[in-house]
Amino acid sequence: MSEEGLVLWFTGRPGSGKTSIVNQVYHILKKYNKAEILDGDELRKWLSPEAGFSRDDRERHINRVIGICSILSRNGIIVFVALVSPYRKIREEARKILGKNFKEIYVKCSIETCMKRDPKGHYKLALKGEIKEMTGIQDPYEEPIDPDLIIDTEAQAIEESVQLVLDFIERVEPK
Ligand SMILES: Nc1ncnc2c1ncn2[C@@H]1O[C@H](COP(=O)(O)OS(=O)(=O)O)[C@@H](OP(=O)(O)O)[C@H]1O
Ligand SMILES: Nc1ncnc2c1ncn2[C@@H]1O[C@H](COP(=O)(O)OP(=O)(O)O)[C@@H](O)[C@H]1O
């Protein structure tokens, strides 16, 4: 691994599998590389405690995450980002700012399956009207058009998804 880092940007609907995959890949990789996880929920608590889920709030929060990625990756760290990041425009912005070491990984899963999984119960609350601006219910999720990697968590077991990400990193990491 060179001093150049890598930003692996996992985007997908809530419940698609971003956190589960990132945690497992990180666990395997961190023995050999400097790596860090920037995961939606945990990150919001300290980086953007004031933020809700309006488009403006999401964009402001994601812009801050892009800034952190820039600092970490230029210090040779592999950064795992797990954010819903539902808008194409802001993901394209991330690619522009972070350059060739930005890799967009689409964690693909239909809204129906995400709603069935509902690991945090947010979809249920959104359907009852207790959460507003929920991605996939009242708010859009704009699928990536040409991502660097697609992980289909409806078609794959988690072990398979994890292996695909590890294989991808092996192919793209700066040597
Ligand atoms: N309104 C609404 N819309 C989307 N998501 C919501 C909402 N309210 C709470 N949550 C939970 O917060 C997590 C998403 O935070 P992110 O910072 O990743 O979202 S974003 O990138 O700013 O769009 C996301 O966690 P993950 O399930 O890990 O994706 C949700 O469970
Ligand atoms: N192939 C897969 N990859 C990732 N998660 C999966 C897969 N198949 C089923 N799941 C399940 O889907 C849920 C995804 O939740 P989570 O990882 O918190 O998603 P997200 O971070 O995208 O909200 C977990 O309960 C996980 O066990």
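Which helices each supply at least two residues of the shell around ligand 1? They are α1 (18-29), α2 (40-47) and α3 (55-73), with helices taken as DSSP runs of H or I with at least four residues, numbered from the N terminus. The model is predicted, so to speak of local features takes a pLDDT of at least 70 and side-chain atom pairs count only at pLDDT 80 or more, while totals for chains, interfaces and linings use all residues. Residues are numbered from 1 along each chain as its sequence is written, chains are lettered from A and ligands numbered from 1 in the order in which they are written, and side-chain values use heavy atoms, with hydrogens and water left out.

Ligand 1 has 22 residues around it, where near means a heavy atom within 4 Å. Arg44, Arg58, Lys120, His122 and Glu133 come nearest. By class, this shell holds 8 nonpolar, 7 polar and 7 charged residues; Ala, Val, Leu, Ile, Met, Phe, Trp, Tyr, Cys and Pro count as nonpolar, Asp, Glu, Lys and Arg as charged, and the others, Gly among them, as polar.

Polar contacts (pairs of N or O atoms within 3.5 Å) pick out three of those side chains. An oxygen atom of ligand 1 is 2.7 Å from a side-chain N or O atom of Arg44, and for Arg58 the distance to an oxygen atom of the ligand is 2.8 Å. Lys120 places a polar side-chain atom 2.7 Å from a ligand 1 oxygen. The protein covers 95% of the 620 Å² of accessible area that ligand 1 has on its own, by the Shrake-Rupley method with a 1.4 Å probe.

Ligand 2 has 16 residues around it, and Gly15, Lys18, Thr19, Ser20 and Gln156 come nearest. Here α1 and α7 (158-172) each supply at least two shell residues, and α1 gives the most, with 4 residues.

As for contacts, a polar side-chain atom of Lys18 lies 2.8 Å from an oxygen atom of ligand 2. On the nitrogen side, a ligand 2 atom is 2.9 Å from a polar backbone atom of Gln156, and a nitrogen of the ligand is 3.3 Å from a side-chain N or O atom of Ser161. Of the 570 Å² of accessible area that ligand 2 has on its own, the protein covers 76%.

Key. Polar contact = N/O pair within 3.5 Å; in protein donor to acceptor, adjacent residues only side chain to side chain.
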